[in-house]
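Subject: Structure handover

Hello,

Here is the structure for your files, followed by notes on what was found in it. Please read the notes alongside the coordinates.

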Amino acid sequence: MKSLIIGASRGIGLELVRQYRAAGWAVTGTARDEPGLERLKGLGATGLKLDVLDAQSTNGLAGQLKGMAFDVVVVNAGVFGPRLAPLDVPTAEEFDAVMQTNVLGPMRVIPQVLAALAAEAKLAVISSRMGSISLRETAGASLYRASKAALNSVLKDASLELAGKAICIAFHPGWVRTDMGGSGADISVEESVSGMRQVLAGLTHADSGGYINYDGKRLTW
Ligand SMILES: NC(=O)c1ccc[n+]([C@@H]2O[C@H](COP(=O)([O-])OP(=O)(O)OC[C@H]3O[C@@H](n4cnc5c(N)ncnc54)[C@H](OP(=O)(O)O)[C@@H]3O)[C@@H](O)[C@H]2O)c1
């Protein structure tokens with residue numbers, strides 16, 4: 001079995017690589033810099049240099065994946081951006097950095113991986129429960145939340161376009177102890193990733209277009 005993890009230099013992405021390798025899969029991971037690529041090599045994965053903020057970099061991805069057939073593709077790369085109070089206005093630069101990484105990035109990457117999907121492939125984006133509008137009870141992190149709500153919309157379109165070909169889902173990985181989640185988060189990266197791998201393994205076409213917690217619970221948009 002083969003998996004491709006986009007944004008695999010650290011955190012959830014690197015743990016996805018570690019666990020799929022430990023399960024005997026052939027894994028390709030992407031990183032933006034040499035230390036990240038070295039970490040991937042150290043786990044026995046194939047490392048590709050990719051920055052989703054750089055169109056030239058993403059445009060080259062399909063060529064690098066020629067001949068591959070991935071059973072699982074996870075688009076994980078993301079940033080939280082500035083910690084703003086509710087109704088605080090981000091600068092144009094802050095807005096662009098978060099939206100381009102979290103929304104434009106997956107919009108660029110998904111078409112690049114299509115030719116490299118195995119039959120019955122699973123394509124997951126790492127969204128966040130913070131992107132849910134229906135589950136929201138307090139204000140805050142408006143820019144990050146807007147980016148993940150937009151990512152959810154992008155994923156839904158991908159699921160419709162790829163119906164019958166690939167099973168496309170948006171994940172909430174939990175609140176995870178990574179650089180982004182912080183040391184006070186709810187769960188370890190091992191627990192988040194082992195949960196998501198279990199969910200991915202059990203997906204059928206009926207699940208495509210779904211928004212799913214790392215433990216398999218269905219979320220509302
Ligand atoms: N941790 C949580 O509690 C939590 C909760 C909900 C959702 N998420 C989502 O889960 C995903 C992974 O988060 P994490 O907690 O593992 O965060 P993290 O430790 O900060 O890791 C973020 C990853 O994204 C990569 N990345 C950022 N910008 C990129 C770009 N322009 N091009 C390519 N890669 C880029 C980083 O690469 P570099 O090393 O090069 O920066 C790194 O590999 C994100 O999409 C995040 O929004 C996390």
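Predicted model: local features only at pLDDT ≥ 70, side-chain atom pairs only at ≥ 80, totals over all residues.

A polar contact here is a pair of N or O atoms within 3.5 Å.

For Tyr144, a polar side-chain atom lies 2.6 Å from an oxygen atom of the ligand. For Lys148, the corresponding distance from a polar side-chain atom to a ligand oxygen is 3.0 Å. The protein buries 94% of the 890 Å² that the ligand exposes when taken alone.

The ligand sits in the largest pocket. Two elements each give two or more residues to the shell around the ligand: helix 1, residues 11-22, and helix 6, residues 142-161. There are 29 residues around the ligand, and those that come nearest are Ser9, Arg10, Tyr144, Val176 and Thr178. By residue class, the shell consists of 12 nonpolar, 12 polar and five charged residues.

Helix 5

Val109 lies in helix 5, which spans residues 92-113. Val109 has a relative accessibility of 0%, so this residue counts as buried, the cut-off for buried being under 20%. The C-alpha atom of Val109 is 8.4 Å from that of Ile6, although the two residues are 103 positions apart along the chain.

Gln112 also belongs to helix 5. Its relative accessible area is 15%, and Gln112 is therefore buried. The side chain of Gln112 has a polar atom 2.7 Å from the backbone nitrogen of Ala62.

Helix 6

Is Asn152 buried or exposed? Asn152 is buried, because its relative accessible area is 5%. Between Asn152 and Pro111 there are 16 Å from C-alpha to C-alpha, with a separation of 41 residues in sequence.

- Tyr144, polar side-chain atom: 2.6 Å
- Lys148, polar side-chain atom: 3.0 Å

Regards

Note on methods. Residues numbered from 1 in each chain as written. Heavy atoms only, no water. Near = heavy atom within 4 Å. Polar contact = N/O pair within 3.5 Å; in protein donor to acceptor, adjacent residues only side chain to side chain. Areas by Shrake-Rupley, 256 points an atom, 1.4 Å probe, with all protein chains shown as cover. 1 Å grid on protein atoms, 1.4 Å probe; cavity = no way out; pocket = protein on both sides within 12 Å on 5 of 7 lines; lining within 4 Å. Sits in = over half its atoms within 2 Å of the grid points. Helix = DSSP H or I, 4+ residues; strand = E, 2+ residues; numbered from the N terminus. Nonpolar A, V, L, I, M, F, W, Y, C, P; charged D, E, K, R; others polar. Buried < 20%, exposed > 50% of the residue type's maximum accessible area, 1.4 Å probe, protein only.
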